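Here are my notes on the model, point by point. Please read them with the structure open.

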Amino acid sequence: MRLYNTLTRSEEPFAPLRGQQVRMYTCGLTVYARGHIGNFRTFVCLDVLRRALKYLEGYDVRQVMNYTDVDDRTIVESQKAGQPLREYTDQYIAAYLEDAATLGLEIVEETPRATDEANLRAMTEMVQALEKNGHTYRSDGSIYFKISTLPQYGQLARLDHAGIKPGARIDSDKYDKENARDFVLWKATTPDEPTWDFGAGPGRPGWHIECSAMALRLLDGAPIDIHAGGVDLVFPHHENEIAQAEGATGEPFCRFWVHVEHLLMGEGEKMSKSVGNVFTVQDVLAKGVRASALRYVLLAVHYRKQLRFTWASLAQADEALTRVMDCLARLDAVTRAGAHDDLTAKVASARKGFAEMMAADLNTPGALGVMFELVRAVNAAIDAGQIGADDVTAIRDAFDGFDRVLGVISVRRADDAAPPVPVEGIEKCIDARKAARARRDFGEADRIRDELAERGIVLEDSAQGTRWKRK
Ligand code: AMP
Ligand code: ZN
């Protein structure tokens, strides 16, 4: 399989370093809010990478995907909510798991939280190794990484060393390339912030050290095979991860860096909480969209190209999937025995074409194209009566193979198995319940809630209002 490696800015043949096992680290969600569909573009694309490595290339994949449950944003938001950090982030981990299951993401081998004690200890040990190797200094109770001590600093983001200001330092987790500075490893805390001390002094980890330490701890040392995330992580997050891991171990940290381009809203803005143009998976489903259509849209553009999200594209994706499902359903009616050479050849060439597309740096739109070519060929064969039971078996096998990687047909089957929900009706019930509560008619409010529960719809009340989900 060929994969584009951000480190070399080129497509390279990929094979794991140690035997048949791919050791892969994916930066997971910062659990200060429910993930949006931009986050899930990255997660779905990386799920497909994982599946291609397993089911097409035949590797054993060991994947770590962390939850960033302590950083600038989680601390601020938990304080605003008046909840302890761990309790505050719990709810967004649960929400992530729900959305991930809805979109058919495979469960990965390890999902560490940064605040797990074993991870905090690993971070502390990394900070101590960096201190020992002369890459740090302490100031105002915090420990900083001194970038001028590492000649290779800037290798991933291709920083121009002339532009780096020596001596200046930065405390925040996120900053831009123009502000390449000494960055914080272990941060002094105020009395109202969560604080740990496992030997580096009281404080809390900076965002970047979390991933370096968890990757090396859970993937059995450097160099790991693949490190992945959205393209916004190239700098500073991944650059700093390399600096920390290499400064601490003296070994190259990671062989392949894979970055997924952004999902943008129709107008071309990056979807992000700070812009305020955010839709969650649940927001999309609440408009009556099937999860399978969303997964399809997130895969229909190559992962290294920006994806402009539109509502119309969801409707088109749903129609496209309906064509696949209709074609598969038509196979049930084939009763004649035997196989047809022409169709046998088309199935074989579709399987081959599909694998080639995926091996070419994960060309998902190309692979979908191959799948639809086969849909057309099968429909034509059924129309012409040129299909037998052996063809049907081979065709079903081929689609099963495609779907082990793309995962859109299985999610569509799960969608169709769920009870049909008239979205407008639910919204009306929620409004009626709100009105009942406003006039303090709690009996009526509870009756509406129970009635919805019987139809498989649960309501969740929060400060932002009431949202619903399928049971
Ligand atoms: P965060 O929760 O901000 O740490 O992001 C989790 C993952 O989602 C990271 O890999 C980000 O790079 C990725 N991400 C954030 N915004 C977008 C977006 N608009 N499109 C695609 N990926 C994104
Ligand atoms: Zn990370």
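1. Helices (H or I, at least four residues) and strands (E, at least two) are DSSP runs, numbered from the N terminus. Arg-9 sits in the loop between strand E1 (2–5) and strand E2 (10–13). Its phi is positive, about 55 degrees, although Arg-9 is not a glycine. Most residues other than glycine have a negative phi, and most peptide bonds are trans.

2. This is a predicted model: local features need pLDDT of at least 70, side-chain atom pairs count only at pLDDT 80 or more, and totals for chains, interfaces and linings use all residues. Residues are numbered from 1 along each chain as its sequence is written, chains are lettered from A and ligands numbered from 1 in the order in which they are written, and side-chain values use heavy atoms, with hydrogens and water left out.

3. Two cis peptide bonds deserve a look. One joins Ala-222 and Pro-223, with omega about -10 degrees. Pro-223 is in the loop between helix H5 (207–218) and E10. Another joins Phe-235 and Pro-236, with omega about 0 degrees. Pro-236 lies in helix H6.

4. Which residues come nearest to ligand 1? Of the 20 around it (a heavy atom within 4 Å), they are Thr-30, Thr-42, Gly-230, Asp-232 and Leu-263. By class, the shell has 6 nonpolar, 9 polar and 5 charged residues. Here Ala, Val, Leu, Ile, Met, Phe, Trp, Tyr, Cys and Pro count as nonpolar, Asp, Glu, Lys and Arg as charged, and the others, Gly among them, as polar.

5. Helix H1 (37–56) and strand E10 (224–230) each supply at least two residues of the shell around ligand 1. H1 gives the most, with 4 residues.

6. Now the ligand's N and O atoms. A side-chain N or O atom of Thr-42 is 2.7 Å from a nitrogen atom of ligand 1. A backbone N or O atom of Leu-263 is 2.8 Å from a ligand nitrogen atom. For Gly-230, a backbone N or O atom lies 2.9 Å from a ligand oxygen atom. The protein covers 96% of the 490 Å² of accessible area that ligand 1 has on its own (Shrake-Rupley method, 1.4 Å probe).

7. The structure holds 16 aromatic pairs (rings of Phe, Tyr and Trp, its six-membered ring, with centres within 6.5 Å; planes under 30 degrees apart are stacked, over 60 edge-to-face, the rest tilted). Tyr-175 and Phe-235 have ring centres 5.7 Å apart and planes at 85 degrees, so this pair is edge-to-face. The pair links distant parts of the chain, 60 residues apart. Tyr-175 is in the loop between strand E7 (169–170) and strand E8 (182–187), Phe-235 in helix H6 (residues 234–249).

How values were computed. A polar contact is a pair of N or O atoms within 3.5 Å; within protein, one must be able to donate a hydrogen and the other to accept it, and residues adjacent in sequence count only if both atoms are side-chain atoms.
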